[in-house]
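Biologist: Please walk me through the ring contacts and helix packing in this model.

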Amino acid sequence: MDKVEILILRNLIYNEEYLRKVVPFIKGDYFEDSNQKIVFEEILNFVNEYNQPATKEVLCIEVEKRQDINDTSFQEITKLISYLEDVPTDFDWLVDKLSELKSEDTEKKPILPCIGHAFEEDHSDYGDAFEY
């Protein structure tokens with residue numbers, strides 16, 4: 001079973017509706033695994049620059065350009081990216097699951113409170129980049 005962080009990364013790539021709802025609220029620091037954090041940073045950089053979801057190919061290219069990782073980390077990160085397949089996830093289920101998890105211990109899962117707020121509030125003030 002995938003960890004919540006993997007589901008989040010997967011949906012940031014393949015589920016544009018999800019991406020636009022949660023990207024204003026997720027920060028890289030919420031990912032405990034440094035490789036997941038790097039993938040998230042590259043997704044966020046791409047979305048901020050091009051206003052569209054990143055592809056796995058783009059992520060691999062951008063990670064390769066990074067100066068803050070070694071060859072071993074690069075291999076691990078590209079393996080993680082390759083694992084992020086377009087597995088259908090029901091949007092309502094994902095929202096419900098994340099809302100349930102948000103009530104769990106935030107010390108263990110600091111990303112979840114932010115995601116819950118993304119689905120509870122009106123965020124129309126973020127402009128076109130975050131339309132939903």
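What follows is a short exchange on rings, then helices.

Modeller: This is a predicted model, where local features need pLDDT of at least 70, side-chain atom pairs count only at pLDDT 80 or more, and totals for chains, interfaces and linings use all residues. Residues are numbered from 1 along each chain as its sequence is written, and side-chain values use heavy atoms, with hydrogens and water left out.

Biologist: How are the planes of Phe46 and Tyr50 arranged?

Modeller: Rings of Phe, Tyr and Trp (its six-membered ring) pair if their centres lie within 6.5 Å; planes under 30 degrees apart are stacked, over 60 edge-to-face, the rest tilted. Here the centres are 4.7 Å apart and the planes lie at 40°, so the pair is tilted.

Biologist: Is Phe46 buried or exposed?

Modeller: Buried means under 20% relative accessible area, exposed over 50%, partly exposed in between (1.4 Å probe, protein chains only). Tyr50, at 47%, counts as partly exposed. Phe46 has 14% relative accessibility, so Phe46 counts as buried.

Biologist: What is the relative direction of α1 and α3?

Modeller: Helices are DSSP runs (H or I, at least four residues), numbered from the N terminus. Axes are lines fitted to C-alpha atoms over the stretch in contact (heavy atoms within 4.5 Å), with angles running from 0 to 180 degrees between N-to-C directions. The axes of α1 (residues 4-14) and α3 come within 11 Å and cross at roughly 20°. Angles under 35 degrees count as roughly parallel, over 145 as roughly antiparallel, 65 to 115 as roughly perpendicular and the rest as oblique, so α1 and α3 are roughly parallel.

Note on methods. Helices (H or I, at least four residues) and strands (E, at least two) are DSSP runs, numbered from the N terminus.
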